[in-house]
Amino acid sequence: MIECTHVYKKYKKGVNALFDINLKIDQGEFVYIIGPTGSGKSTLIKLLDGEEIPTKGDVYVVGIDVGRLRHSKVPIYRRNIGVVFQDFRLLPSKTVFENIAYALEVINMSSDLIRRRVREVMNLVGLDDKGNALPGELSGGQQQRVAIARAIANRPKVLIADEPTGNLDPAMSDEIMTLLEKINREYGTTILMVTHDLALVNKHRKRTIALEHGHITADLKEGGYVQHDQ
Amino acid sequence: MISRIWRPIRDGFKGFVRHGAMALSSSVAVTITLIIIGIFGVFMTNVSRFTEGLEQSVQISVKVDYDYEAASEEDRISLAIAGIPGVRAVNYSSKADEFEYYINSFNDEKMKEAYAPFRDDNPMHDAFYVEVSDGTQLENIAAQIEKIEGVEEVNFGGLSAVKMVAAMRSIRLGGTVLALALSLLAIFLIQNTIKLTIMARADEIAIMRNVGARNSYIRSPFVIEGMIIGIVGALIPIAMIFFGYRYLYEITGGYVISRMFSLIEPFPYIWQVCGVLLAISILVGLIGSFLSVNKYLRWKR
């Protein structure tokens, strides 16, 4: 489903972000990527969603060579994956309903189907009554649930979540985690979640990949965080 | 299928309304520049029309020597003049015509009668009136005509005519250059304001790409919005020109200072000017938004 082989990333400004990343994630897995700030987590996400191009090596997601996509083809590729960001990235001038519907409009789904599907995912994330609200009128946790609803609306095989709980308090974070687990279980969606919330990682145990200084330092199938004393 | 055509139009209008303040400020930039272009354009088209009229009214009169009045000789002279490069038309006027013309130039009946006896002993010459296609060649062509055998006298209004033609030329040329520069400046200004309205939505464009929207899908509503900005901005200038020019034409009676400087009739001229203004506004809105969106499409991969 997701496969990185000997991936290096060096930014133009000279920052080395990733070294020789080898990674294989199968269909239906739920994987954490953890690591301190500057360890290359965000870079890895950007390589996976096509925002950055690897300096060396191959990145394959759902069988697509993401690193060699043309600029104009990147959005088309993104229809295969859902991405959730720490800062939600909702369209501020569109309502909750329109925000979710937008992801379906762009793939030319008929408006009847869109309406049905948007209600479905709004129900799934527990926001049935917020369809007409603007993102600015919602709490952070609610906005993140809208973003998740949008990300899964067209039934992507992979959901990438970049610190989805980064701006939320622990109770909200727990709610979001429960929601992601539900999506993983019910749809069989492969979920890749970047986080530095260790409490969360230890509570909801999953396969955990640790990054440090651009290297993979641990890949624990049974989960839980290994403390590195340095 | 229908939604593919309607969606960008609908979203374009929505965008215009939702970002009303920004969009309106762009429209105002369009309005101001179009007013300037409109007024200048009306001024220049009028000036260029009457300078062209003046320039074409300049002609060379050629008097034929009394000894060369035979039809065959005059045919030869006519052909020789017509053969000179830069000559647009040669009109013949017989000495009888010349005499009538001279007499009719008096308003006073007594004067006409006083000259009547000369009709049988006509002192006038047969003449050719030569129109030239390029006013600056006046002097040169006149000199060539003078060399033709049988030409008694050539008159082209002298240096003052040549100078006037040259002056008209530079007025027209200067005006055109100024108009072009002004239009370019306007387009630049408008494009910049539109860029500002779109820049405020760079994040929006990045989000659209994130959820899988094609570049063309993102671009089309913005382009429509730009065109709406242009059209809205053109409303006031078009109304101004439409009513203003007709009013101007009415109060001046159709000419300025003298008949020589007559204004262009309002119809269909106003429609043409308004059409051009509308076309400029739509085109500028379209190009401005297209370029700006493209820039922000590239902002994030």
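**A:Arg89 sits in the loop between β6 (81-84) and α3 (96-105) of chain A.** The model is a predicted one, in which local features need pLDDT of at least 70 and side-chain atom pairs count only at pLDDT 80 or more, while totals for chains, interfaces and linings use all residues. Residues are numbered from 1 along each chain as its sequence is written, chains are lettered from A, and ligands are numbered from 1, in the order in which they are written. Helices (H or I, at least four residues) and strands (E, at least two) are DSSP runs, numbered from the N terminus. A:Arg89 is not a glycine, but its phi is positive, near 50°. Most residues other than glycine have a negative phi, and most peptide bonds are trans. A:Arg89 counts as buried, because 21 C-beta neighbours lie inside 10 Å. A residue is called buried if 20 or more other C-beta atoms lie within 10 Å of its own, exposed if 12 or fewer, and partly exposed in between, with C-beta atoms placed from the backbone.

**A:Val62 is another non-glycine residue with a positive phi, about 40°.** The residue belongs to the loop between β4 (56-61) and β5 (64-65) of chain A. A:Val62 is partly exposed, because 15 other C-beta atoms lie within 10 Å.

**Helix α4 of chain A comprises residues 111-124.** The 14 residues of α4(A) reach 20 Å from the first C-alpha to the last, close to the 20 Å expected at 1.5 Å a residue; the expected span is 1.5 Å times one less than the number of residues. Buried residues of α4(A) are A:Ile114, A:Val118, A:Val121 and A:Met122. Seen down the axis, the buried residues of α4(A) fall within an arc of 100°, so they line one face of the helix; the arc is that of the directions from the helix axis to the C-beta atoms. An α-helix has 3.6 residues a turn, so residues three or four places apart point the same way. On the face turned away from the buried side of α4(A) are the exposed residues A:Asp112, A:Leu113, A:Arg116 and A:Asn123. The buried residues of α4(A) pack against α3 and α5 (140-152) of chain A. After α4(A) comes A:Gly126, with a positive phi near 75°.

**A:Pro156 lies in the loop between α5 and β7 (158-162) of chain A.** A:Pro156 counts as buried, because 21 C-beta neighbours lie inside 10 Å. Not counting residues up to four places away in sequence, A:Pro156 touches A:Asn80, A:Ile81, A:Gly82 and A:Thr189; two residues are in contact if their C-beta atoms, placed from the backbone, lie within 7 Å. From A:Pro156 to A:Tyr77 the distance is 11 Å, C-alpha to C-alpha, although the two are 79 residues apart in sequence.

**The largest nonpolar core has 100 residues.** A nonpolar core is a set of buried Ala, Val, Leu, Ile, Met, Phe, Trp, Tyr and Cys residues joined through C-beta atoms within 7 Å. Those with the most contacts inside the largest core are A:Ile33, A:Leu48, A:Ile100, A:Ala149, A:Leu159, A:Ile160 and A:Leu192. The largest share of this core, 12 residues, comes from α9(B). Leaving aside neighbours within four places in sequence, A:Leu192 is in contact with A:Ile2, A:Ile25, A:Val31, A:Ile33, A:Val158 and A:Ile160. A second, separate core of 17 residues includes B:Ile60, B:Val64, B:Ala142 and B:Phe156.

**The contact between the chains takes 18 residues from chain A and 13 residues from chain B.** On the side of chain B that touches chain A, α8 (202-210) and α9 (215-252) each supply at least two residues. The largest share of that side, 4 residues, comes from α8(B). By class, the side of chain B that touches chain A has 6 charged, 4 nonpolar and 3 polar residues. Here Ala, Val, Leu, Ile, Met, Phe, Trp, Tyr, Cys and Pro count as nonpolar, Asp, Glu, Lys and Arg as charged, and the others, Gly among them, as polar.

**The peptide bond from B:Phe267 to B:Pro268 is cis.** Its omega is near 5°. B:Pro268 is part of helix α10 (residues 266-297) of chain B.

**Chain B has 10 helices and 4 strands.** Along its principal axes the C-alpha trace of chain B spans about 95 × 40 × 35 Å. Of the 301 residues of chain B, 29% count as buried.
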